[in-house]
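Subject: Structure handover and findings

Hello,

Here is the structure we discussed. Please load it first, then read the notes below.

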Amino acid sequence: MATVHLRIGDLVWGKLGRYPPWPGKIVSPPKDLKKPRGKKCHFVKFFGTEDHAWIKVEQLKPYHAHKEEMIKINKGKRFQQAVDAVEDFLKKAKGKEQNSDGKGDSKGKKTPNKPLKILEEDDEDLSALKDPSEKPVKDDPHFHHFLLSQSEKPASSMEPISKRLKIIEEDTGSTSIQAADSTAINGSITPTDKRIGFLGLGLMGSGIVSNLLKMGHVVTVWNRTAEKCDLFIQEGARLGRTPAEVASMCDITFSCVSDPKAARDLVLGPSGVLQGIRPGKCYVEMSTVDPETITELSQVITSRGGRFLEAPVAGSQQLSNDGMLVILAAGDRTVYEDCSSCFQAMGKTSFFLGEAGNAARMMLILNMVQGSFMATIAEGLTLAQATGQSQQTFLDILCQGQMASTFVDQKCQNILQGNFKPDYYLKHIQKDLRLAISMGDMANHPTPMAAAANEVYKRAKALDQSDNDISAVYRAYIH
């Protein structure tokens with residue numbers, strides 16, 4: 001972004017790290033918050049959230065001059081709510097100005113082009129952005145985890161990392177980590193000094209490792225197909241010859257593979273992770289597997305004195321590449337905290353869900369819903385075609401209603417264009433549906449919708465769609 005001359009009170013678009021520009025206003029920073037050295041920046045409070053951050057001058061644009069441009073390139077409910085909040089603020093500020101003009105001053109003069117009065121840091125809240133009749137709502141923990149919460153003073157970068165984490169407790173007992181250290185304010189990450197290992201460079205693993213390296217982590221990689229390691233070696237990663245070697249060389253070893261069998265083989269097989277585990281070594285299982293597999297792996301790792309965490313991720317290849325995954329973690333809480341900088345590098349937020357197995361359960365439920373939803377969308381598209389309706393019009397209407405989302409838009413566009421390049425493998429969502437149905441059986445809970453969707457995906461697999469994107473389930477309806 002081009003450098004612009006801005007001052008306190010100006011409305012702006014601020015860009016932080018990998019994230020898209022977001023509407024905000026320049027405010028005075030708290031007295032105890034020092035400006036980063038060597039960087040020309042402004043302190044920005046973001047609309048639609050209680051977050052704020054130091055933003056470099058070159059990452060700022062005037063709000064009004066670039067409004068149309070930003071609205072075109074950014075979508076999503078949270079973004080629209082933020083823009084609405086800005087417009088609401090402007091309307092109320094304009095109303096106050098008109099009331100003031102109507103009264104006139106003692107000399108009967110007006111002050112044209114006077115800057116709007118913007119609420120400063122010491123105001124109680126952004127009351128101009130809120131409907132007085134609305135009840136207070138909790139902060140959204142899913143917004144940029146690089147931002148410093150307004151309600152929390154910055155922590156010293158010398159404090160232990162566990163002291164510098166903002167832990168958001170929920171009624172369920174789960175927690176969400178957001179960075180609250182001084183480096184996070186600047187949109188960067190202080191990488192852990194622990195040696196990181198990563199096993200599995202598939203659709204998800206490749207993006208994760210790339211972001212770990214970009215953020216300065218020391219990473220040793222291994223993949224069953226060794227050629228996949230070459231690109232990451234060029235980016236600065238080290239090469240491990242076996243999973244056992246990686247686990248023995250590294251303090252924290254992550255793995256992200258296709259299914260329960262692959263996850264068990266990686267740990268228990270020849271030259272597996274278990275052979276490299278020593279007291280204090282950490283193992284983080286990021287694969288989407290069943291709770292029983294997690295329990296088994298946790299037991300064997302801890303039996304060798306190791307520490308275990310499961311951390312499956314919600315997202316896709318694109319979100320992995322963008323560092324926007326959602327991490328669901330469970331198991332050893334201290335490992336979760338040790339992984340903080342890694343989770344910040346690969347995702348937009350992370351949740352700690354308690355004992356090992358809980359993350360696997362939650363992940364399967366989420367993927368069950370996603371898989372069933374995708375099958376329903378495909379069914380709707382084919383029914384529209386069968387009844388003489390325009391599929392594009394169906395999508396246009398869908399994207400203007402309550403179900404509008406980036407997911408719906410992207411997957412429907414894939415179908416209409418016949419582009420089924422995998423962003424999330426169809427065979428993997430079918431595996432997740434199968435595991436979720438099994439989990440329901442064990443809990444004596446019916447899952448008829450998931451069972452029906454599972455059959456459609458099995459049909460798609462029989463049509464050789466396994467290695468295509470999940471949107472290729474559409475082909476099960478047209479063959």
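Partly exposed, as used here, covers relative accessible areas between the buried limit, under 20%, and the exposed limit, over 50%. Asp-467 has a relative accessible area of 45%, so Asp-467 counts as partly exposed. Note that this is a predicted model.

**Salt bridges**

How many salt bridges does the structure hold? There are 13.

Start with Asp-467. The side chains of Asp-467 and Lys-427 meet in a salt bridge, 2.7 Å from N to O. This pair links distant parts of the chain, 40 residues apart. Lys-427 belongs to helix 15 (residues 426-442). Asp-467 lies in the loop between helix 16 (448-462) and helix 17 (475-478). Lys-427 is partly exposed, at 31% relative accessible area. Lys-427 also has an aromatic contact: its charged end sits over the ring of Tyr-425, 5.1 Å from the ring centre.

Salt bridges that share partners also form a network, which joins Arg-307, Asp-332 and Asp-338.

Next, a pair within a helix. Asp-265 and Lys-261 meet through their side chains in a salt bridge of 2.8 Å, N to O. Both lie in helix 7 (residues 260-268). They are four residues apart, about one turn of the helix. Is Lys-261 buried or exposed? Its relative accessible area is 54%, so Lys-261 is exposed. Asp-265 has 40% relative accessibility and counts as partly exposed.

Lys-61 counts as buried because its relative accessibility is 15%, and the limit for buried is under 20%. Glu-69 is partly exposed, with a relative accessible area of 34%.

**Aromatic rings**

The structure holds eleven aromatic pairs. One of them is Tyr-336 with Phe-343. Their ring centres are 6.0 Å apart, with 45° between the planes. The pair is tilted. Both Tyr-336 and Phe-343 are buried.

The charged end of Arg-333 sits over the Phe-352 ring, 5.0 Å from its centre.

Now to strand 2, residues 22-26.

In strand 2, Trp-22, Gly-24 and Ile-26 point one way. Pro-23 and Lys-25 point the other way. All of these residues are buried.

Strand 2 pairs with strand 1 (residues 11-14) in the antiparallel sense, over four bridges. Gly-24 of strand 2 has Val-12 standing opposite. Strand 2 also runs antiparallel to strand 3 (residues 41-46), and three bridges join the two. Here Lys-25 has Lys-45 of strand 3 as its bridge partner.

**Where to look**

For a quick tour, begin at the salt bridge of Lys-427 and Asp-467.

Best regards

Conventions. Residues are numbered from 1 along each chain as its sequence is written. This is a predicted model: local features need pLDDT of at least 70, side-chain atom pairs count only at pLDDT 80 or more; totals for chains, interfaces and linings use all residues. Side-chain values use heavy atoms; hydrogens and water are left out. Buried means under 20% relative accessible area, exposed over 50%, partly exposed in between (1.4 Å probe, protein chains only). Two strands pair if DSSP finds at least two bridges between them. Rings of Phe, Tyr and Trp (its six-membered ring) pair if their centres lie within 6.5 Å; planes under 30 degrees apart count as stacked, over 60 as edge-to-face and the rest as tilted. A charge sits over a ring if NZ of Lys or CZ of Arg is within 6 Å of the ring centre and within 35 degrees of the ring normal. A salt bridge is a side-chain nitrogen of Lys or Arg within 4 Å of a carboxyl oxygen of Asp or Glu.
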